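User: Could you take me through this structure? I would like the overall picture and then some detail on side chains.

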Amino acid sequence: MKRFLAAVVLGLSLASVAHAAIDTYEFAKEGDRERFRELTKELRCPKCQNQDIADSNAPIAADLRKEIFRMLGEGKDNQQIIDFMVDRYGDFVRYKPALNAKTALLWFGPAGLLLGGFVVIAVIVRRRRGQRAVTPSSLSIEERQRLDQLLDKTQE
C-alpha cells in the first residue's frame, strides 16, 4: 500500500512537470538565436505581468515567442519587432519603455519623489533648529545660580 501511494504521489508530481512547454526553434544563424533571446528577455508577458516572455509558460507568451521567431525568419530587425509588439499590446509590453510624454512620469517620478522627500526633511530640520534657537531657557536666574553652585560642588 505504501508503495502504491508513493507511486501515485510521484506520478502526480511528475505530471505537473510534463505540462511545462519547451520551445525548440531552429535558427539559420547563431545571431538570430541571440536576437531571439534578447527580444524575449526584453518583452513582458501580458498575462503574467512580472515575467518576460522567455520565462513565462502562459499560452500568450508562447504565441509571442512564435511570432518573434516568425518575424526573425522574415528578416525584420529588432526595432520593427518591438514596434509591432508595442502597437499590439501597448508600452506595457516593454520592460524598459521608451521615454515620451506618456512615460515621463514613469521615468522621472521616482527621482522626483526622492528629491521631494529630501526637501521635506530639510524643511523639518530647519524649523526644528530655528525653534531651539528662539526657545528661551526654562530656568530662571536664581535656578541657574543654584545649578552652577551644585555643579561646582560636585566637581571639587
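**Burial and fold**

Analyst: Of the 156 residues of the protein, 20% count as buried, where buried means under 20% relative accessible area, exposed over 50%, and partly exposed in between (1.4 Å probe, protein chains only). This is a predicted model, in which local features need pLDDT of at least 70 and side-chain atom pairs count only at pLDDT 80 or more, while totals for chains, interfaces and linings use all residues. Residues are numbered from 1 along each chain as its sequence is written, and side-chain values use heavy atoms, with hydrogens and water left out.

User: How many helices and strands does the protein have?

Analyst: The protein has six helices and zero strands. Helices (H or I, at least four residues) and strands (E, at least two) are DSSP runs, numbered from the N terminus.

User: What does the UniProt annotation say about residues 104-125?

Analyst: The unreviewed UniProt entry annotates residues 104-125 as "transmembrane region"; such annotations may be inferred rather than shown by experiment, and UniProt positions are given in the numbering used here, with feature names shortened. In the model, residues 104-125 are 100% helix and 0% strand, with the end C-alpha atoms 31 Å apart.

User: Turning to the core, which residues have the most contacts inside the largest one?

Analyst: Those residues are I53, I68 and L72, in a largest nonpolar core of 18 residues. A nonpolar core is a set of buried Ala, Val, Leu, Ile, Met, Phe, Trp, Tyr and Cys residues joined through side-chain atoms within 4.5 Å.

User: Which helices supply this core?

Analyst: At least two residues of this core come from each of α2 (30-42), α3 (59-73) and α4 (78-89). The largest share, five residues, is supplied by α3.

User: What is I68 in contact with?

Analyst: Leaving aside neighbours within four places in sequence, I68 is in contact with F36, L39, T40, L43, I53, I81 and M85. Contact means heavy atoms within 4.5 Å.

User: And E67, is that residue buried or exposed?

Analyst: E67 counts as buried because its relative accessibility is 17%. This residue lies in helix α3 and touches F84 and M85, not counting residues up to four places away in sequence.

User: How many disulfides does the structure hold?

Analyst: The structure holds zero disulfides, a disulfide being a pair of cysteine sulfur atoms within 2.5 Å. C45 is in no disulfide, and the nearest cysteine sulfur, that of C48, is 3.4 Å away. C45 is buried, with a relative accessible area of 0%, whereas C48 counts as partly exposed at 30% relative accessibility.

User: How many aromatic pairs are there?

Analyst: The count comes to two aromatic pairs. Rings of Phe, Tyr and Trp (its six-membered ring) pair if their centres lie within 6.5 Å; planes under 30 degrees apart count as stacked, over 60 as edge-to-face and the rest as tilted. F27 and F36 form a tilted pair, 5.4 Å centre to centre with 50 degrees between the planes.

User: Why is the pair of F27 and F69 edge-to-face?

Analyst: The planes of F27 and F69 are at 80 degrees, so the pair is edge-to-face, and the ring centres are 5.3 Å apart. This pair links distant parts of the chain, with F27 in the loop between α1 (2-18) and α2 and F69 in helix α3, 42 residues apart. F27 counts as buried at 16% relative accessibility, while F69 counts as partly exposed at 27%. Ring pairs link F27, F36 and F69 into a cluster.
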